[in-house]
Amino acid sequence: MKLPALFTGIWKSSSRKFRVLLLTPFALLGTLLILDVMFPPPLPKEQGFARVVVDRHGKPLRFFADNRGIWRYPISQDKVSPRFIEALLTYEDRHFYQHPGINPLALVRAAGQYLRNGHVVSGGSTLTMQVARLLDPHHRTLTGKTKQMLRALQLEWHFSKREILELYLNLAPYGGNIEGVEAASRLYLRKSAADLTHAEAALLAVLPQAPSRLRPDRHPHRAQKARDKVLTRLQAYDVWSTDEVERAQLENVYAERLAFPQNTPHLARRLVEKNGDREVIHTTIDGNIQRGLEDFLRDHMGSYPQKTSAAVVVMENSDLAVRAYVGASHFGDRLRYGYVDMARAVRSPGSTLKPFLYGLAIDESLIHSASLLSDAPRLYGDYRPENFHRGFSGPVSATAALQRSLNVPAVQLLEHYGPGRLAATLENAGLSLQFPSGGKPNLAMVLGGVGARLDQLTGIYASLARGGQAAAPRYLPEEPIRERHLMSPEAAWITFEMLASNRSGSRRWRNLVRQNKADVAWKTGTSYGYRDAWAIGVTPSYAVGIWVGRPDGTPLPGYYGSISATPLLNAVIAALPGNKQQHLPKPESITREVICWPLGGQKTRTQAEHCHQQRNAWLIQGRAPRTLPTKGEPLRAAQTYSFFANQQGLRVKPSCMDASAKKHSLALWPKELEAWLPLGQTRAQKIPPTAPECDNPAATNGAPLKIVGAGNGNQYRPAGASAPLPRLNLSAIGGQGKRYWFLNGEPKGETLGNRNLELLPKTGKHQIAVLDASGNVDRIEIFVGPDD
């Protein structure tokens, strides 16, 4: 007989009671299935979840509570110390892996103890039942207990034992608004749950039984008594040896007062907003560097004027991983605008773009490291650049101009390289430049006439130690390195060397370099009106960016890059690990050779009479570009001038010379530098007069420009102790067109022809310079002051 027919026969021949008895299990199972669908387990993600931002080693930087205000650090079982698992299961549920969610024997035992003693002696709840109560809290009534047991069965039905245990590890209460063993371990013990001792494991195993009453930071004696009870049970069941338990009992319970990590607040918030679906956000930040830097900045900046803040970005060059990020020195301080992330704020970068202009110009063979540049008055339409430090220096090398951050030579170089080209190259390398409304790249951009961000600036500075390859800063380990070419490895190395050889820093800075015996390339910057102070340093291992200023944009008079930001840069670089004994390897195609001023070529390829001064230069494949031309001149400004001279040494031209005439050649300096040349080196002195019988071949542009009314080295003093300082009435002769006057590098007015300009210098040494429409320059230095 077939089985269906057999069951049909039994069904027809059975009584009604038997039929009900037969259907009851199926009805009960069906009811449970319906209830399971209607009331699924309320998992944590359905209630919102806490998030934590951790450093590169997994240590918390900042916690973010869930929508109930709970702090939690999600963790898996294999990341928790086996000691804790042993202590937990032995004390709470020894048969966890055998029962189906409820333990009838434990329930009967607990009920019997309650009836005999009149109070709870031991609980009958399994670990699964505790998880059920954590997920779906209930009243301590018979109905509530029944609901808890049904939820426990439901959990065992849906999840594995490992998953249920991990729910407990992450949901168990540990006092206040802390949940989960990892958060408790981090906050109470300042360590991961993976590193718990026997005593610590026993403490955290018992703490969820009465988290408020047993909090170790508030009630250490109660907590220790409860812990020792767990240790005794572990010894009784031979889980831990007598020796292990006795040593654990010797440890006093101690926990610091709860202090939730508040590190990297600006970065952490941004990463949480960007990665909102992740419970744990792993970053590239080094917690030790970060915490030390935050503490140092908070203390150091306390002495600065009100509303002053600072931002720091520390990046590892090898993979562009950000190891420290401080958006504000005083996070939360309203007076210092501590909520503003100044590492991402767009501010004027001052002179910090100059190294890239020099590096790119080297790449284009416009200059080499010792090229002759002109720090002299210049006119670009209505724009007259001036140096941050007063006055003009005359002839300077490219290296000296960069190290001293001279503005005029940088503008001269940018004029030849092209502002639009520089802006496009930097943008392509990852530096987003922001020009004033309706503005476009111009000559002022290299002096700070543009907006940039500290984090991006630090990223492109790293290219100097990365063979010219720039990349965006990386904050997450999984972020790929997206390199962008900025300049050749050779140009990057030379630019690094130009900055690293700067000896003009403070004594502390020089001591730092000497102690570390490492290469440190550094550059400062100050924006117009003392609104932003910068210092950015690069070692073979790190790039460090510093900004100091007021987030509201108000000036901070007297606080500029080398005063405000460089001391911070000193301290940060000195504290970074792995900087000592590091040197940037030199590319093989770079050689050190002697070049000649004013022409700029190699000494071995320059006539001896044309080599007025010698300089050491780094050259790429032996290329030595000649000196840049002066504005308006078609040829190189420092060029050779050839002429014929008769026996009397007078100039003649072919139409009036005889057989005795000989050809001569001179190396001329740029005419704007003649005011700084030694005697006998100016064009008027080097080029002889024309022979009377010959027409005057154009060699110079009229008579030299000359300041009248004051002489070089003159001293001016008041007529008496109470008399005012003297006024100077100056004019200029020679030259051509309008005259533009400068006092200590600052424009002071314009004159035409022989008209006078009145100046009233203050006490001290002063440089007075005049520039004409053809680019001719004269300058004098005077002293104004009372008698000693």
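Q: Why does Arg278 count as partly exposed in this predicted model?
A: Arg278 has 23% relative accessibility. Buried would need a value under 20% and exposed one over 50%, so Arg278 counts as partly exposed.

Q: What makes Glu478 partly exposed?
A: The relative accessible area of Glu478 is 46%. Since partly exposed covers what lies between buried, under 20%, and exposed, over 50%, Glu478 is partly exposed too.

Q: How do you know that the side chains of Arg278 and Glu478 meet in a salt bridge?
A: The N to O distance is 2.9 Å, and the rule asks for a side-chain nitrogen of Lys or Arg within 4 Å of a carboxyl oxygen of Asp or Glu. Arg278 sits in the loop between α12 and β5, and Glu478 in the loop between β10 and β11, so this pair ties together parts that are 200 residues apart in sequence.

Q: What makes Glu179 and Arg72 a salt bridge, and where do the two residues lie?
A: Their side chains meet at 2.6 Å, N to O, and the cut-off is 4 Å. Glu179 is in strand β4 and Arg72 in strand β3, 107 residues apart, so the pair links distant parts of the chain. Glu179, at 11% relative accessibility, counts as buried, and so does Arg72, at 6%. Salt bridges with shared partners also join both residues with Asp66 and Arg68 in one network.

Q: Why is Glu166 called buried, while Arg162 is called partly exposed?
A: Buried means under 20%. Glu166 has 19% relative accessibility, so it counts as buried; Arg162 has 40%, so it is partly exposed. The two form a salt bridge, with the closest N and O atoms 3.4 Å apart. Both belong to helix α7, four residues apart, about one turn of the helix.

Q: Why is α3 described as roughly perpendicular to α10?
A: Helices α3 and α10 pack at about 85°, with their axes 10 Å apart. Angles of 65 to 115 degrees count as roughly perpendicular, so that is the term for α3 and α10. On the α3 side the contact is made by Glu86, Ala87, Thr90 and Tyr91, and on the α10 side by Lys229, Val230, Arg233 and Leu234. Four of these residues are nonpolar, one is polar and three are charged.

Q: How do you know that the buried residues of α17 are on the same side of the helix?
A: The buried residues are Pro419, Leu422, Ala423, Thr425 and Leu426. They cover an arc of only 165° around the axis, so they are on the same side of α17. These residues pack against α14, α16 and α18.

Terms used
Residues are numbered from 1 along each chain as its sequence is written. This is a predicted model: local features need pLDDT of at least 70, side-chain atom pairs count only at pLDDT 80 or more; totals for chains, interfaces and linings use all residues. Side-chain values use heavy atoms; hydrogens and water are left out. Axes are lines fitted to C-alpha atoms, for helices over the stretch in contact, and angles run from 0 to 180 degrees between N-to-C directions. Angles under 35 degrees count as roughly parallel, over 145 as roughly antiparallel, 65 to 115 as roughly perpendicular and the rest as oblique. Contact means heavy atoms within 4.5 Å. Ala, Val, Leu, Ile, Met, Phe, Trp, Tyr, Cys and Pro count as nonpolar, Asp, Glu, Lys and Arg as charged, and the others, Gly among them, as polar. Buried means under 20% relative accessible area, exposed over 50%, partly exposed in between (1.4 Å probe, protein chains only). The arc is that of the directions from the helix axis to the C-beta atoms.
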